[in-house]
Amino acid sequence: MSKCIICNKTPQGDNCLTEEHVVPEFLGGSIKRKNTCKSCNSKMGNGFESVVEKSFIFQLFSYRYGVVKKSGASKNPLAGDYDVDGRKIEFGEDGEVKVKFTGFEEVENEDGVTVYSAILDESDIDMAKAALAKKIFRKGGGDGETISRGQAKKIAEKFISENEFKKESYRPHLSKRVEMDQKFFDSLVLLFVKVCYESLCLLDPGFLSERVPQQMRKSLDKHMLSKKIESNVRFMSDFPAVDDYLLDGQNYVIFLGQYCVMRLGPFNAIVILESSLEEPSFLASPGVKKSRHGDFTQFIAFLEENVVKNKHKSFAFPPPPFLS
Ligand SMILES: [Zn+2]
């Protein structure tokens, strides 16, 4: 029986080899290989992969590109309740904005007349009628006079249908504060290491005995980045020219010289392998279509010019400070 590519052990008993997605499913990846033991597979899935998947930025990516996960269609991570301009706003899965009905304001004016007012969404009119009827019933008529529930309901109906609504189209400015902590970045680096390592396993298993792939494997086995590997992973913070060759939301994994150049979701990174595969190899997650320019050789030439021919110190895309 074959060994697991992560722990390097021959699986025993219940711990059989299972199918592993090279590029995770939450990024739309569908290349699978049965070369990882159940234990390693679930440790990675519940560990760093899950941290990345649950992060706001990747949830937004999956939603934007309509990735269908095992659990179904990606949800809109912006959906939820917001407090804006003193109003309660509900931002729906479909992007609809709704002002939530929070009840009627009750003010008695100088003449002793009770004035009711509320901000409400058209869809809440029935709810508002019921809420107002309840208020009127409790309040009773003038001079402590009681009124029946039926009467209260009629008054509320009349009030709402006869009163003019001041209609407004409301476009609130919704904002959400998102924090990406060290745990997220560590997990993200491990994800890039995993995709690079597992792609190597597919393309050139003979390469795996080299120093860098072995260190990648050990980091994945321990779920901890070794300092050595961390310094081999560089994020490309600004690489807009890549977008000329790729479709929006397209992942890619390319081995070029001693570099593995990748885009996973919204991040671009390279792994420095220190030795080279024999020829450039391309592995991308399916769902990836032909490049917009339709010319993959041009894309390779572009990457060679910008990545391979430059020493990594002079990249046009310095790594963000968290990695330097
Ligand atoms: Zn294993």
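**Note on the predicted model**

1. Asn-8 counts as partly exposed, because 14 C-beta neighbours lie inside 10 Å; by the convention used here a residue is buried if 20 or more other C-beta atoms lie within 10 Å of its own, exposed if 12 or fewer, and partly exposed in between, with C-beta atoms placed from the backbone. Asn-8 is found in the segment before strand S1 (17–21), where strands (E, at least two residues) and helices (H or I, at least four residues) are DSSP runs, numbered from the N terminus. Although Asn-8 is not a glycine, its phi is positive, at about 70°.

2. This is a predicted model, in which local features need pLDDT of at least 70 and side-chain atom pairs count only at pLDDT 80 or more, while totals for chains, interfaces and linings use all residues. Residues are numbered from 1 along each chain as its sequence is written.

3. As to confidence, the protein chain averages a pLDDT of 81, and 84% of the residues score at least 70, pLDDT being the predictor's confidence in each residue, from 0 to 100. Over residues 285–289 pLDDT stays under 50, and for this stretch the model has 15 contacts beyond four places in sequence, a contact requiring that the C-beta atoms of two residues, placed from the backbone, lie within 7 Å. Residues 311–324 also have pLDDT under 50 throughout, with 18 contacts beyond four places in sequence. Where pLDDT is low, the predicted coordinates should not be read in detail.

4. On overall composition, nine helices and 14 strands make up the secondary structure of the protein chain, and 27% of its 324 residues count as buried.

5. Leaving out residues up to four places away in sequence, Val-195 touches Val-22, Val-23, Val-253, Met-262 and Leu-264. In soluble globular proteins, nonpolar side chains tend to be buried together.

6. Val-51 belongs to helix H2 (residues 48–54), and its 19 C-beta neighbours inside 10 Å are why it counts as partly exposed. Apart from neighbours within four places in sequence, Val-51 is in contact with Lys-183, Phe-184 and Ser-187. Val-51 and Leu-188 are 137 residues apart in sequence, yet 8.3 Å apart in space, C-alpha to C-alpha.

7. Strands S12 (residues 259–264) and S13 (residues 267–272) run antiparallel and are joined by six bridges, two strands being taken to pair if DSSP finds at least two bridges between them. They form a hairpin with two residues between them, and in the turn Gly-265 has a positive phi of about 60°. Leu-264 has Phe-267 in S13 as its bridge partner. Strand S13 also pairs in the antiparallel sense with strand S10 (residues 233–235), over three bridges, and there Val-233 stands opposite Val-271.

8. Glu-274 is in the loop between S13 and strand S14 (281–283). Although not a glycine, Glu-274 has a positive phi of about 75°, and it counts as exposed because it has 12 C-beta neighbours inside 10 Å.

9. An open sheet is formed by three strands in the order S5-S6-S7, with antiparallel pairing. Strand S5 (80–84) and strand S7 (97–99) are its edges, each pairing on one side only. From one strand to the next the twist averages 30°, with axes as lines fitted to C-alpha atoms (for helices over the stretch in contact) and angles running from 0 to 180 degrees between N-to-C directions. Strand S6 (residues 87–91) is joined to S7 by three bridges, and Phe-91 has Val-97 in S7 as its bridge partner.

10. A further hairpin is made by S8 and S9, with five residues between them, and Gly-112 in its turn has a positive phi of about 75°. Four bridges connect strand S8 (residues 105–108) to strand S9 (residues 114–117) in an antiparallel arrangement, and Thr-114 in S9 is the bridge partner of Glu-108.
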